Amino acid sequence: MNTKQIMQIFEDTAYIRTGGSPEELKTAQYLQGKVAELGLQAAIEPFEVSMATMQEAVFLADGEEIPCKGYLCAGTAEVEAPFYYLRGTDKYSLSQCKGKIVMIDGYMGYWIYQDILENGAVGFVTYDGNANYTDWDIDQRELRSYVHKGNRIPGVNINTKSAIELIRKGVSHGKIVLKLEEYMGNSHNVVLELPGQIPEYITLTAHYDSTSLSQGAYDNMSGSVGLLAIAEHFVKNPHRYGLRFVWCGSEERGLLGAKAYCSKEENLKDCVLNINLDMIGCIMGKFIYCVTAEEKLCHYISYLASELGFGIDGRQDVYSSDSTPFADQGVPAVSFARIAPQNTATIHNSYDTVALMKGEQMAADIDFIIAFTERMVNAKRCPVAREIPDNMKEKLDNYLCRKRPSK
Ligand SMILES: [Zn+2]
């Protein structure tokens with residue numbers, strides 16, 4: 001795949017494609033078409049996801065309406081209560097949540113939700129965007145089922161500039177009205193198999209969905225293009241191990257595509273390694289690996305990079321991407337990414353477009369990942385131990401909210 005073809009794919013997919021939407025399915029079909037151009041046939045595999053249509057979302061602060069987006073999957077509800085800004089999660093600050101609509105910094109994650117619920121919050125507000133940008137964009141968020149586990153309180157997301165205004169003015173009272181229709185829908189994984197000489201597989205993954213404001217060029221059409229280029233390479237080149245390519249849907253909604261794929265035993269039974277691509281080929285920044293497997297793989301990758309003359313940094317850790325469900329099922333996994341400095345490229349907003357991408361950098365990043373994959377798929381025996389070390393098991397427990405990370 002040349003740089004022109006790579007950049008063309010970013011142009012072709014310059015639209016928003018959230019998990020479970022018709023646009024996401026359109027992208028799945030587009031990827032299937034790209035695979036067909038290689039003379040191969042990829043399957044589109046549906047899996048169920050919860051969906052919601054917001055009919056009404058209102059947030060009043062001291063009687064004044066603040067532009068907001070209601071949390072999907074938070075249920076239909078109306079609350080009116082004192083407004084409280086939770087600045088930190090120390091015991092005292094949390095104890096002030098009782099009976100209030102609570103605004104927090106950052107994402108509504110699992111532990112913070114449990115904390116505010118236990119402390120009696122009746123509604124919540126999050127904010128996103130950047131106070132220094134001119135846009136008034138508001139991301140569409142959802143209260144994920146593994147976060148609320150049936151205990152739902154209504155919430156809204158607002159722009160950062162509104163949030164600052166609320167605190168500057170000293171707003172004391174809030175009201176949230178949410179009305180939404182909830183139903184089940186489908187998201188899709190696109191799966192391609194290239195059988196090898198032995199009945200064992202290496203599975204490559206990249207998600208192709210985006211968040212609500214984002215064209216997702218960098219996050220993660222870049223990785224999806226990488227998978228296409230790797231497939232193109234191995235159509236023409238020998239590989240002892242079989243290769244499976246999975247373009248995952250609904251990653252941004254909580255790794256749902258990879259979780260659906262990994263929930264099928266036959267998909268993992270003969271899988272010796274997962275190689276995941278999430279955000280590569282941007283103009284600025286450094287290339288990294290994140291290994292959720294034995295630490296030896298870190299050394300192998302950095303030695304290989306030196307040998308090939310490719311700059312790389314990395315660590316043994318859990319990566320917030322589709323590699324995690326594989327590792328959680330005992331499949332050693334590695335994610336590759338080029339991480340841009342925050343002031344050069346950001347994600348999950350309207351600024352993640354083709355403007356962040358560079359065709360030559362894409363090609364160079366893909367070449368390195370092919371070189372690594374080449375060695376693994378042609379190994380007499382895949383050298384990575386098919387087990388997850390204890391330190392990574394603990395990180396997986398933290399990441400997947402089974403165990404609270406120590407502060
Ligand atoms: Zn991503």
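Is Asp 317 buried or exposed? Asp 317 is buried, with a relative accessible area of 14%. Here buried means under 20% relative accessible area, exposed means over 50%, and partly exposed lies in between (1.4 Å probe, protein chains only).

## About the model

This is a predicted model: local features need pLDDT of at least 70, side-chain atom pairs count only at pLDDT 80 or more, and totals for chains, interfaces and linings use all residues. Residues are numbered from 1 along each chain as its sequence is written, and side-chain values use heavy atoms, with hydrogens and water left out.

Asp 219 sits in helix 7 (residues 217-236) and Asp 278 in the loop between strand 11 (271-277) and strand 12 (286-292), so the pair ties together parts 59 residues apart in sequence. Helices (H or I, at least four residues) and strands (E, at least two) are DSSP runs, numbered from the N terminus.

Asp 219 is buried at 4% relative accessible area. Asp 278 is also buried, at 4%. Helix 7 itself is mostly covered, with 18 of its 20 residues buried.

## Salt bridges

The whole structure has 19 salt bridges. Each is a side-chain nitrogen of Lys or Arg within 4 Å of a carboxyl oxygen of Asp or Glu. One of them joins Lys 395 to Asp 317, with the closest N and O atoms 3.3 Å apart. Lys 395 lies in helix 13 and Asp 317 in the loop between strand 13 (313-316) and helix 11 (323-328), so this pair ties together parts 78 residues apart in sequence. Lys 395 is partly exposed, at 37%.

Arg 404 and Asp 115 meet in another salt bridge, 2.7 Å from N to O. Arg 404 is partly exposed at 39%, while Asp 115 is buried at 8%.

## Cysteines

The structure holds 0 disulfides. A disulfide is a pair of cysteine sulfur atoms within 2.5 Å. The sulfur of Cys 248 is 7.9 Å from its closest cysteine sulfur, in Cys 262, too far for a bond. Cys 248 is buried, at 1% relative accessibility.
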